[in-house]
Amino acid sequence: MGELESDKHVEYILSIEKKKDDFDALLMEHLRINGAYWGLTTLDILHKISAVDPDEVISWVMKCYHDDCGGFGGNIGHDPHILNTLSAVQILALFDRINVLDAEMVSNYIAGLQNEDGSFSGDMWGEIDTRFSYCAICCLSILHRLNKINVEKAVNYIVSCKNLDGGFGCTPGGESHAGQSMLFRGEQDIFCCVGALAITGSLHHVDRDLLGWWLCERQCNDGGPNDGGLNGRPEKLVDVCYSWWVLSSLIMIDRVHWIDKDKLTRFILNCQDKENGGISDRADDAVDVFHTYFGVAGLSLMEYPGLKSIDPAYALPVDVVNRIFFGK
Ligand code: 3PZ
Ligand code: ZN
């Protein structure tokens, strides 16, 4: 198993910036600002955020800003979306530069995406999803402007997406959508709903034992190379990024002791590229910045030695969250 190859992962993250035109970079073109948040947060957890120039990062982030509407796009010249706006705000928070924002404009953009039933659209085109509810609530909380939306309606909408198994869907009754996306969506939806409820102080709507049991059932226990990893559905493959969706939810509902942390730690460490750095979805696959972030963040949630601890609801280092809310 070995240890976390922190220095290699730092090198890997720093190298991504330099190969802008390979295939992976093209695939991520529309989520470049999200990719920047994943990479920079990983560096911060590894105590290496000082390896980048804050002014350079901030000036690039602000080039993704649309001052006519208050939203951020995924890259320079891309249309604004709430998914990208949250990443932009999180990056500015990492560098303690929230003050460069017109917080009123950004908050008004987000508030304008709330619908009559309390749900949120992702952009002006109107697609509705509980992921967008989380983005809105997380963003507004960081900006100290939750009062701009109807929080009660937002919470009631999320609660209406609760399933019989204790989990949450992306729309009311939304568990039943089929296809490949479902493989990925289940835990992500649960994280977004539980995170939004945690931030708004509404976790009493969650059946902690029922949801906790369902989440813990996701840990693979077959003694094979994926032993200890977490999967999306009973018969599906394990994936490092589920470590985040599942662990963060378990911590927020106070049931993380129901999972075997040593086994999950070993699984994540097994997914490292020990040669060139980076972490993959499962052992011996190709690494990417997404799974490197979720792997390191998962280890941080499990208090792996030498890492900054990360907040399970805001997905930002705890010291950053404390600075936002307690000014220290
Ligand atoms: C990955 N996106 O749609 S994506 C993402 N997935 O932009 C980024 N685990 O190539 C990277 N699966 C790799 N670097 C994967 C982000 C997806 C999630 C796919 C994935 C991860 C299993 C199938 C959706 C926030 C934002 C977006 C998502 C989740 C959370 C891909 C596939 C999809 C995407 C990008 C690359 C395989 C990286
Ligand atoms: Zn994954």
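1. His78 is partly exposed, with a relative accessible area of 23%, where buried means under 20% relative accessible area, exposed over 50% and partly exposed in between (1.4 Å probe, protein chains only). This residue lies in the loop between H4 and H5, helices and strands being DSSP runs numbered from the N terminus (helices H or I of at least four residues, strands E of at least two). Not counting residues up to four places away in sequence, His78 touches Glu29, His30, His66 and Gly73, contact meaning heavy atoms within 4.5 Å. The C-alpha atoms of His78 and Tyr65, which are 13 residues apart along the chain, are separated by 9.4 Å.

2. This is a predicted model, in which local features need pLDDT of at least 70 and side-chain atom pairs count only at pLDDT 80 or more, while totals for chains, interfaces and linings use all residues. Residues are numbered from 1 along each chain as its sequence is written, chains are lettered from A and ligands numbered from 1 in the order in which they are written, and side-chain values use heavy atoms, with hydrogens and water left out.

3. Helix H5 (residues 82–94) has 13 residues that, at 1.5 Å a residue, should span 18 Å, and its end C-alpha atoms are 18 Å apart, which agrees; the expected span is 1.5 Å times one less than the number of residues. H5 is mostly covered, as 12 of its 13 residues are buried, among them Ile82, Leu86, Gln90 and Leu94. The buried residues of H5 pack against helices H3 (32–45), H4 (54–63), H6 (103–111), H7 (130–142) and H14 (318–326). Just after H5, Asp96 takes a positive phi of about 55 degrees.

4. Which residues of the largest nonpolar core touch the most other members? Of its 108 residues, these are Leu40, Phe72, Phe95, Ile110, Trp244 and Leu316, a nonpolar core being a set of buried Ala, Val, Leu, Ile, Met, Phe, Trp, Tyr and Cys residues joined through side-chain atoms within 4.5 Å. Leaving aside neighbours within four places in sequence, Leu40 is in contact with Ile49, Val52, Val57, Ile91, Leu94 and Phe95.

5. The protein donors of the zinc ion (ligand 2) are Asp239 (OD), Asp239 (OD), Cys241 (SG) and His291 (NE2), lying 2.1 to 2.4 Å from the ion. Asp239 lies in the loop between helix H10 (208–216) and helix H11 (240–252) and His291 in helix H13, so the pair ties together parts that are 52 residues apart in sequence. Donors are N, O and S atoms within 2.8 Å of the metal (3.2 Å for Na, K and Ca), and sites may look incomplete because water is not among the atoms. Both Asp239 and His291 are buried.

6. Rings of Phe, Tyr and Trp (its six-membered ring) pair if their centres lie within 6.5 Å, with planes under 30 degrees apart counted as stacked, over 60 as edge-to-face and the rest as tilted. By this rule there are 12 aromatic pairs. The rings of Phe290 and Phe294 have their centres 4.7 Å apart and their planes at 70 degrees, so this pair is edge-to-face. Phe290 and Phe294, both buried, are four residues apart in helix H13 (residues 289–301) and therefore separated by about one helical turn.
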